[in-house]
Amino acid sequence: MFERRRTRQIHVGKVAVGGDAPVSVQSMTTTKTADVEGTLQQIYALAAAGCDIVRCTCNEIEAAEGLAQIVPRSPIPVIADIHHQYKMALAALEAGVHGLRLNPGNIRKPEHIKAVAAAAKDRNVPIRIGVNGGSLDSALYEKHGGLTADAMVESAMQELAYFDEVGFDLVKISVKASNVPIMVEAYRKLSAATDHPLHIGLTEAGPLPGGLVKATAGIATLLLEGIGDTIRYSLTADPVEEAKAGRQLLESLGLRERKNVDLIACPSCGRAEIDVIDVANRAQSAFADKEIPLQIAVMGCVVNGPGEAREADLGIAAGNKRGHLFVKGRNVAVVPEDEMVEALVEWAAFINEHGTEAAIARADTARAEREANKDRSALLEEKGADANHSTEKIVEIRRTAGN
Ligand code: SF4
C-alpha cells in the first residue's frame, strides 16, 4: 500500500524498533514510579491493551529504586523518562531499564549528555532523543524566532553530535509539538536528515475526543508517508486509551496484524429499525476483552445493511423486530431483536475457531435469505424507497419558499 522509509534498527529490550520491524506502540504510566505495585498493575493493563513498550518517569531516587523492582517483573520493556537531572539517567541505567528518554531542552551540559551516552553504551541500552516543542532549548527558540520545525530538528541533531563524540549510536529520535502542522513538518525534515528510527507523537494532544483526532491527524499523516517506527498517543486520559488508540491506528493502516474485533456500524438514518448507537455500543463492550480478529458490522436495517457491509466477516441487520445475521454478505440466521448482540458473539466465536466457510456451511442459508427478503420487502412496502421522506420535504420547502 505504501512504502515504509528504511531506518536503522535498534532494540528496546526484546522489541525491535526501526528497519523492517513492525511499528510499535508506546505509552507512559501515570503512577508514581516509587509505587511499584501500582505501576506494575498499570503496565500489565497497558500490555493487555496492545502496548509494546512502556515509559515511566524517573524524577527522584525513589523512582529509580522503584524501577529496579519494576523492570524484572514487567511484561514489556521499560524506558525511564529523564528531565533536568542527568544523574537520574545514570540511576535508571543502574536499575536495569531497557531504554532512556532524554530531553535535550533541559539537560544541556555537554559533559552530562556525554556521561549518560557513555554509560548507556557500556550497557548496550538505547536512548531516545526526545525533543519537545514546549521545552525547547531557549537558545534555539531565540535563534529560530520561536518554535519551528527547524529549531526542533536542530536540537535533535545537536544531541546526536554529542552522542557521536562518545561513539554511541543506539538512538531513536522524536520531535514532538502540540501543533499538528509544525509536528508533521518537523518529522518530515528529521526523516530527511537522519536514518535513526523515529518515535512519532503529538505532545499534549489533550483530552478525548479532540486529543484523539489531533494526534491521529499528525501520526497517521506521517505513517502514510512511510515515516515512523514507534508511536505514542499523548492523551489526557487513562493511558490504556493511548495504547488502544495506537494499536487501532496501526491495525487500521494495515501496519499491524488485527488482534481484536474491528467493529463497523452504519451511522443510522430514517430507515433504522433499531437504536443503532445502543446496539453498536453493547456489541463494542461485549467484544472489548475478546481477541477475535474479525470485522463485524452492526447495521440499522435489513434493506441496505447486508449489502453495505458485505465485506465484513460477520454482521447483523435489523428488520421487523428481528436481527438478520450475515457472513460475508450471505444471510445465515434470524434471531429476535433483543438477542442480536449475543448472537453476534456466538457466531464470532464460531468463525474465529472454524472460519467463515464453516459458518456458512452450518447455516440454513436458503431459509435465512427467504426471511431476510420477506422483511426487506415488507419494510420497502411500509416505508417506501424514500424512508427519510426527502421528496415530501423538498416539495414542502419549495412550497414554503415559493410563498
Ligand atoms: S439505510 Fe439502513 S444500513 Fe444504511 S444507514 Fe440507514 S439504517 Fe443504516
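Start at the ligand: the shell around it has seven nonpolar, four polar and two charged residues (Ala, Val, Leu, Ile, Met, Phe, Trp, Tyr, Cys and Pro count as nonpolar, Asp, Glu, Lys and Arg as charged, and the others, Gly among them, as polar). Of the 13 residues around the ligand, select Cys 266, Cys 269, Gly 300, Cys 301 and Asn 304, which come nearest; a residue is near if its C-beta atom, placed from the backbone, lies within 6 Å of the molecule.

Before you go on, note that this is a predicted model, where local features need pLDDT of at least 70 and side-chain atom pairs count only at pLDDT 80 or more, while totals for chains, interfaces and linings use all residues. Numbering runs from 1 along each chain as its sequence is written.

Now zoom out and colour by domain: domain 1 is 10-252 and domain 2 is 262-383, with bounds from an automatic or database domain assignment. Their centres, taken over C-alpha atoms, sit 42 Å apart.

Next, select helix H6 (residues 149-165) and H7, which pack at an angle of about 40° with axes 8 Å apart. Helices here are DSSP runs (H or I, at least four residues), numbered from the N terminus; axes are lines fitted to C-alpha atoms over the stretch in contact, and angles run from 0 to 180 degrees between N-to-C directions. That makes H6 oblique to H7 (under 35 degrees is roughly parallel, over 145 roughly antiparallel, 65 to 115 roughly perpendicular, the rest oblique). On the H6 side, show Ala 149, Asp 150, Met 152, Val 153, Ala 156 and Met 157; on H7, show Ile 182, Glu 185, Ala 186, Lys 189, Leu 190 and Ala 193. Contact means C-beta atoms, placed from the backbone, within 7 Å. This contact has nine nonpolar, no polar and three charged residues.

Val 180, Met 183, Val 184 and Tyr 187 of H7 meet Lys 214, Ala 217, Gly 218, Thr 221 and Leu 222 of H8, a set of six nonpolar, two polar and one charged.

Last stop: which residues of H1 meet H9? Select helix H1 (residues 36-48) and helix H9 (residues 239-252), packed at about 20° with axes 8 Å apart. Gln 42, Ala 45 and Leu 46 in H1 meet Pro 239, Val 240 and Ala 243 in H9, giving five nonpolar, one polar and no charged residues.

How values were computed
Contact = placed C-beta atoms within 7 Å. Helix = DSSP H or I, 4+ residues; strand = E, 2+ residues; numbered from the N terminus.
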